[in-house]
Amino acid sequence: MADTATIPAPAQGATGSEVDLDAISREMLEVIADMHGDTPGAVNIRKNGCLACRTNSEHVTITSKTDNPGIDIHVDAGCKNEHVHIPVVVTEEGVHDVVYNDFFIGAGADVYIVAGCGIHNGGDKDAEHDGIHRFFLEPGSHVVYVEKHYGEGEGTGARILNPTTEVHLGEGSSMEMEMVQIKGVSSTIRKTTGTLEADAKLVITEKLMTHGEQHATSDLDFEMVGDGATVRVISRSVARGNSVQVFHPNVTGAAACRGHVQCDSIIMDNARVTSIPAIDAKSTEAQLVHEAAIGKIAGEAITKLMTLGLTEEEAEEQILEDFLS
Amino acid sequence: MLELKNVSYTVKAGKDSYDDRDHDIIRDLSLTVEPGKLIVITGPNGGGKSTLSKLIMGIEEPTAGTISFEGTDITHMPIDERARLGIGYGFQQPARFTGMKVSKLIRIASGEKHMSSAACNKYLSAVGLCSANYLDRDVDKSLSGGELKRIEIATILARNPKLAIFDEPEAGIDLWSFDKLTATFEELHKGQPDHTILIISHQERIMQMADEIIVIKDGQVARRGSRDEIYPTLMFSKNQDPACGFTRAAEAVTY
Ligand SMILES: Nc1ncnc2c1ncn2[C@@H]1O[C@H](COP(=O)(O)OP(=O)(O)OP(=O)(O)O)[C@@H](O)[C@H]1O
Ligand SMILES: [Mg+2]
């Protein structure tokens with residue numbers, strides 16, 4: 001059972017074993033889901049593969065799946081300003097947690113969803129969380145989705161996060177996705193796909209930072225099938241140390257639609273970044289653009305901040321912080 | 001407050017140079033600047049004005065000679081230490097930053113992390129940026145050249161260094177903002193009698209404000225004196241030497 005008022009108690013009828021939330025989990029919840037004080041709306045916290053606590057709200061119902069591990073989240077049609085927090089924490093080595101979460105967003109609903117996963121691995125065995133998220137947006141609905149990934153812990157065990165996200169945007173619906181890998185994730189393979197009906201709008205911002213020996217691969221694939229659909233992919237990354245990043249965003253236009261892919265990476269030390277943006281038009285009316293740039297931190301930006309009194313190291317950190325802000 | 005002794009800056013063949021010859025960009029230049037003065041540095045394009053200011057700020061290091069600031073030898077001092085001693089430089093071509101807000105840059109410049117938006121706005125309006133809400137804009141490609149240039153000047157105003165160097169502050173700035181800018185420089189000069197302002201400029205109006213004018217040509221001080229001595233000698237001729245046909249219109253000055 002949760003022992004303070006800041007983490008909501010499990011709702012009646014919640015399934016899965018209930019786990020105490022220790023200090024490490026609480027800290028990680030702050031980092032990945034901004035959860036401190038009272039968290040408004042519906043909440044589902046998963047820890048080491050089990051349900052830790054759950055609350056439903058007036059317009060959001062969370063139920064456990066019966067076939068697979070995971071949950072179904074139903075958001076009522078027409079509801080406004082609903083909040084849903086469904087963070088995951090892994091604090092034990094050797095855990096390989098796979099979870100299937102499906103979001104059903106009713107027509108005209110307006111909802112803010114915070115997911116995210118924090119792994120604290122103090123041991124020498126790997127810890128892995130693979131979240132498979134699917135979103136079904138009914139016509140006219142609007143979703144803001146924020147997902148933060150974070151790893152920490154003194155052990156040599158890897159911290160692995162392999163998220164798969166699938167979005168289906170119905171007519172006139174819109175979604176803003178912000179997916180951030182803060183730091184400490186040893187290995188990640190991210191797959192994000194989606195389809196957009198007429199007049200649907202998607203803006204996805206991906207921000208990634210790797211260091212040490214880390215690897216990150218991100219594949220994004222969106223197809224616009226209806227007239228008036230728009231997709232904007234913004235990817236910003238910083239690769240330090242010996243880390244390796246591979247990006248492969250693709251936007252397909254099969255109607256009178258507009259797509260824009262923009263990848264910017266800062267490369268440092270002995271890192272390697274491969275960026276392969278693609279655009280694919282299946283209609284003469286599709287307007288698709290891609291831009292990709294990889295480079296070191298601009299010397300003139302460092303110089304400018306040094307003329308304002310920052311040391312070279314401070315200037316570098318400041319520039320990286322803003323780049324990923 | 002500032003003293004340059006026999007300063008030279010030579011770009012060695014092959015290094016940064018565009019060809020395989022040595023280039024003497026600043027040649028055995030000596031210069032003393034008294035505190036509290038507003039000095040305008042002018043002279044033909046390529047004469048070495050920007051290089052000279054970069055040497056003072058520490059962005060380039062002299063290949064010979066010494067530079068001292070308020071009695072401290074700063075010849076080989078890193079940029080940030082000079083900044084902390086009280087030297088500031090507004091770049092001729094300002095840098096852009098992805099993801100940095102204008103308000104953040106101004107706060108960094110001022111050294112006050114929690115400076116209020118109203119205080120930040122004061123520096124923006126001093127350079128004529130008051131119409132839209134610029135504080136929340138990113139200092140990136142989305143800013144026009146003139147906007148970026150004015151934000152650059154605002155950072156120096158926020159920093160308020162003992163020695164402020166502005167490299168062609170008027171370049172790319174519209175007439176209305178230019179009016180505001182000259183008034184700001186005038187205020188700055190009158191309001192702080194111990195602060196020194198060095199402005200690199202080709203603008204008559206700015207030269208008119210100067211206590212002193214220094215003409216830099218071929219990496220050397222070609223002429224120096226009070227505004228009344230030097231200004232009349234900078235004949236603003238209509239009939240330029242055809243050999244100088246490549247100089248900009250704003251340069252329609254015979255040095
Ligand atoms: N790395 C370099 N290699 C060779 N020549 C250089 C280098 N850097 C600068 N120069 C040259 O030094 C000269 C002085 O340049 P500087 O930018 O200081 O001139 P300026 O007086 O500021 O000119 P402007 O009025 O056009 O701003 C120019 O001829 C320039 O081409
Ligand atoms: Mg210059």
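Reader: Which helix gives the most to the shell around ligand 1?
Author: This is a predicted model, so local features need pLDDT of at least 70 and side-chain atom pairs pLDDT 80 or more, while totals for chains, interfaces and linings use all residues. Residues are numbered from 1 along each chain as its sequence is written, chains are lettered from A and ligands numbered from 1 in the order written, and side-chain values use heavy atoms, without hydrogens and water. Helices (H or I, at least four residues) and strands (E, at least two) are DSSP runs numbered from the N terminus. With three residues, the most comes from helix α1 (residues 49–57) of chain B.

Reader: How many residues are around ligand 1?
Author: A residue is near if one of its heavy atoms lies within 4 Å. B:Asn45, B:Gly46, B:Lys49, B:Ser50 and B:Thr51 come nearest, and the whole set has 16.

Reader: How far is the polar side-chain atom of B:Lys49 from an oxygen atom of ligand 1?
Author: A polar contact is a pair of N or O atoms within 3.5 Å. A backbone N or O atom of B:Gly48 lies 2.9 Å from an oxygen atom of the ligand. For the side chain of B:Lys49 the distance is 2.8 Å.

Reader: What share of the area that ligand 1 exposes alone does the protein bury?
Author: Areas come from the Shrake-Rupley method with a 1.4 Å probe. Taken alone, ligand 1 exposes 640 Å², and the buried share is 70%.

Reader: How many bridges join β1 to β4 in chain B?
Author: Two strands pair if DSSP finds at least two bridges between them. Strands β1 (residues 2–11) and β4 (residues 64–69) run antiparallel, and one bridge sets B:Ser8 against B:Ala64. The number of bridges is five.

Reader: What is the volume of the largest pocket?
Author: On a 1 Å grid over the protein atoms alone, a pocket is an open set of points where a 1.4 Å probe fits, with protein on both sides within 12 Å along at least five of seven lines. Points are joined across faces, edges and corners, and the volume is the space filled by probe spheres set on them. The value is about 720 Å³.

Reader: Which element supplies the largest share of the lining of that pocket?
Author: Lining residues have an atom within 4 Å of a point. There are 30 of them, with A:Arg236, A:Asp264, A:Phe323, B:Phe97 and B:Thr98 nearest the centre. The largest share, four residues, comes from β20(A).

Terms used: Polar contact = N/O pair within 3.5 Å; in protein donor to acceptor, adjacent residues only side chain to side chain.
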